[in-house]
Amino acid sequence: MVKQFLLITLGFVGLSVQAQKTADPVPFAKTITEKDLQKHLTIIASEEMGGRDTPSPGLEKAAQYIEQQFKAFGLKPGNKGCFRQPFILEKDSATHLKLEMGEASFRPYVDFAPWISMPQQASLRFSEYVFVGYGIVDENRDDYKDVDVKGKLVVFLNGQPEGFRSNKPRRQSPVFISNKIANAKKKGAAAVLIISEMLPSRQILDMYRPKNEQAVSEENSAIPAFYINDNVLTRKGYTINQIKSLVGNQVIDPMIEEAQVNIEYKSGKVTATVSNVIGIVEGTDKKDEYLFVTAHYDHVGTDEKGNIYYGADDDGSGTVAVMKMAEAFAKAKKAGKGPRRSIAFMLVCGEEKGLWGSEYYSDNPIYPLEKTTANLNIDMIGRIDTERLSADTLNYVYVIGHNKLSTDLQPILEGMNNKYTKLVLDYKFDDPNDPHRIYYRSDHYNFARKGVPILFFYDGMLQADYHKPTDTVDKINFPLLAKRAQLVFYTAWDMANRDELLKRDLKLDQ
């Protein structure tokens, strides 16, 4: 009896898998309609959403709407019973700033400004400072050579001398300012003054940033660091140009100079919580493997004059496309033709600020990245590239990533497009010499940097209404938006139902 039951069960599973392989995706793709896309986009890119800045009340309203729709479609919560993956942002509006040299007292944000990563508070007095040129430390150079800066105030020039080269990426370069400050701290410095021709604006310093464990650790052990400009130097009888000429291109001997310097700082940290929204259509025999379909639901908010930046194309178009694909796959599952792999539909926030939401997910994945077959990312698919002077402007999409990370990507994409949508697939942004570096500018990159194969779908609209209040719903080409969304749906259908995970047989060039 048990043997008979097992045979029947195994037979049923086999038939189910075969049905998924042979099921026709067209009826479900057709549910991604112009009418529904317009209905959702009219809400996502409405005045009520206020431009969906990260963070803002409008962003939260958008997240609530997406979550409500995911529930209505029948998706499962993507994060342990919850549709949200929250993360914390923080900004530091300093409540007290003071820099004094001798009898001179300097003005915050006019003569000096704080570095973005400061201790909670500081009150330090020095009788001298140590000037260390450009403050560069690497395997070939040490601007601190033969000087002890423990417990002292260190002063160095921002930037790098002419002709200096490093083979390290920007954020790892010894001239990157955070690395200069970190090296001063390693040498034992108690505080740092950075000579700079321009000060960071108060607006930039008073911006939210993701708060992570590294940021907390850095804050707890940070040393005070201030940018200073010519207004400070002239009180000592110098100018920036004179100091640069003195230093030149060489490593100079550090100089110690007497000066009574008083530094005071007290932070005024404020936090806000934002979230990625994740819904799941659970797979069948391969439900522990995943495909991610993503877009960002944030935009740039409202300006000081009250102008709303609606973000209908950027990336309201991608947001509603993901929502409609989620509904289409949910309908397929209800009809007994659901995907073999689980599909995660994730709308992320903070993209416009620096890919924050996708970075948080990729560093804190809910599902194993090694079991994530691919990421299909959509960022702007509702408009026509105003720079595209060709006859196919009503039947194209730019696709980025087709020749990176996996040799499976291009055959799958082109196979589904040739069979169903017949769009012109333009790969021009995969050119290694692309000046826009589009591959590195949207949320798919945070999957790619972890080795997950990606395809990025994009309309190329970097001119016209890009990041302007005029990116509105009335300018969306809904027939083209629907067709592009259907291409992504068909591509996802193949990736979710094939026997094997996509190969990871190509390297990603940085």
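Trainee: Where does Pro 55 lie?

Mentor: Pro 55 sits in the loop between helix H3 (34–44) and helix H4 (57–73). Helices here are DSSP runs of H or I with at least four residues, strands are E runs of at least two, and both are numbered from the N terminus. Bear in mind that this is a predicted model, where local features need pLDDT of at least 70, side-chain atom pairs count only at pLDDT 80 or more, and totals for chains, interfaces and linings use all residues. Residues are numbered from 1 along each chain as its sequence is written, and side-chain values use heavy atoms, with hydrogens and water left out.

Trainee: Which kind of peptide bond runs from Thr 54 to Pro 55?

Mentor: That one is cis, with omega near -5°. Asp 314 and Asp 315 are also joined by a cis peptide bond, with omega about -15°, and Asp 315 belongs to helix H10 (residues 312–334).

Trainee: Why is Lys 80 called exposed?

Mentor: Exposed means over 50% relative accessible area (buried is under 20%, partly exposed in between; 1.4 Å probe, protein chains only). Lys 80 has 82%, so Lys 80 counts as exposed. Its spot is the loop between strand S1 (76–77) and strand S2 (84–92).

Trainee: What is the phi of Lys 80?

Mentor: Near 50°, a positive value in a residue other than glycine. Most residues other than glycine have a negative phi.

Trainee: And what makes Asp 146 exposed?

Mentor: Its relative accessible area is 75%, so Asp 146 is exposed. Asp 146 also has a positive phi, about 65°, though not a glycine, and lies in the loop between strand S6 (121–131) and strand S7 (153–157).
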